[in-house]
Structure formats: structure tokens, C-alpha cells
Amino acid sequence: MRYYILKENSRISNKPVLAGISKYIDVFRVKKSEIQFIDKNPAAVHLIDQDRYDFVDFISDPVPLISGQMKDILDDLEIKNVFYKPV
């Protein structure tokens, strides 16, 4: 089996910045892979100055986030061992 690293493109300088994500997602538990303690309900998180950002498929910080298109790709590949929380 092959494994791949999913890493944010460091050349993207205008990625979205999420305002107050720690109110909705326990960043500590995500980084410790304690997914069972994270609420699966959708969370509404606001973006700061969203007009000036490039929307990418993967953001790694403060928590790993993927776009809807990336989730569709993972679903099409039938990847079942990934935790998703709509944000």
C-alpha cells in the first residue's frame, strides 16, 4: 500500500483566515487525533476579509481543512477512515 503526505502549498500567501475557529472546534483535540471527542455537527466559521484570499483545496493551520471538492474526491475514492466536520 502507498501512503502520501497531504501538505499545504506554502507558496499560497493569500489563504483564508478563519475567525474564532477555536469556539467551534477544539484545536487541541484535533492535533492530538482525539476525534471521538469532537462534535460532528456543522459549524459556521467566519472568514476575515474573504474578498482578498485564494480559496485552496487544503489548509493545514490552525486545523486541517479541505474544500468540498476535495471531500468529493476522497468520497469517490471510497476513503472511509477520515473524520469530517462541515465548517
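Leaving aside its neighbours within four places in sequence, which residues is Pro62 in contact with? In this predicted model, Pro62 is in contact with Ile21, Val27 and Lys31 once those neighbours are set aside, contact being defined as heavy atoms within 4.5 Å. The protein has 87 residues, and its secondary structure comes to two helices and four strands.

Residues are numbered from 1 along each chain as its sequence is written, and side-chain values use heavy atoms, with hydrogens and water left out. Because the model is predicted, local features need pLDDT of at least 70 and side-chain atom pairs count only at pLDDT 80 or more, whereas totals for chains, interfaces and linings use all residues.

**Overall architecture**

- From the N terminus on, the order of elements is β-α-β-β-β-α; helices (H or I, at least four residues) and strands (E, at least two) are DSSP runs, numbered from the N terminus.
- Along the principal axes, the C-alpha atoms fill a box of roughly 40 × 30 × 20 Å.
- Among contacts with a separation of 6 or more, 71% are accounted for by residues 24 or more positions apart.

**Surface and burial**

- Of the 87 residues, 22% count as buried; buried means under 20% relative accessible area, exposed over 50%, and partly exposed in between (1.4 Å probe, protein chains only).
- The protein exposes about 7200 Å², of which carbon and sulfur atoms supply 52%; accessible areas come from the Shrake-Rupley method with a 1.4 Å probe, and for residues only the protein chains shown count as cover.

**The surroundings of Pro62**

- Pro62 is found in the loop between β3 (58–59) and β4 (65–66), and with a relative accessible area of 26% Pro62 is partly exposed.
- Val27, one of the contacts of Pro62, is 35 residues away along the chain, yet the two C-alpha atoms are separated by 7.1 Å.

**The largest pocket**

- About 1400 Å³ of space lies in the largest pocket; a pocket is an open set of points on a 1 Å grid over the protein atoms alone, where a 1.4 Å probe fits, with protein on both sides within 12 Å along at least five of seven lines.
- The volume is the space filled by probe spheres set on the points, which are joined across faces, edges and corners.
- The lining comprises 38 residues, of which Pro64, Leu65, Ile66, Val82 and Tyr84 are the closest to the centre of the pocket; lining residues have an atom within 4 Å of a point.
- Two or more lining residues come from each of β3, β4 and α2 (68–76), and α2 gives the most, with four residues.
- By class, the lining has 30 nonpolar, four polar and four charged residues; Ala, Val, Leu, Ile, Met, Phe, Trp, Tyr, Cys and Pro count as nonpolar, Asp, Glu, Lys and Arg as charged, and the others, Gly among them, as polar.

**Helix α2 and the segment after it**

- The structure holds one salt bridge, in which the side chains of Asp75 and Lys71 meet (2.6 Å, N to O); the term requires a side-chain nitrogen of Lys or Arg within 4 Å of a carboxyl oxygen of Asp or Glu.
- Asp75 and Lys71 are separated by about one helical turn because they are four residues apart in helix α2.
- Both partners are partly exposed, Asp75 at 32% relative accessibility and Lys71 at 29%.
- Glu78 lies in the segment after α2 and is exposed at 58% relative accessibility; phi of Glu78 is near 60 degrees, a positive value in a residue other than glycine.

**The segment before β1**

- Ser10 has its place in the segment before β1 (18–19) and is exposed, with a relative accessible area of 68%.
- The C-alpha atoms of Ser10 and Phe37, which are 27 residues apart along the chain, are separated by 30 Å.
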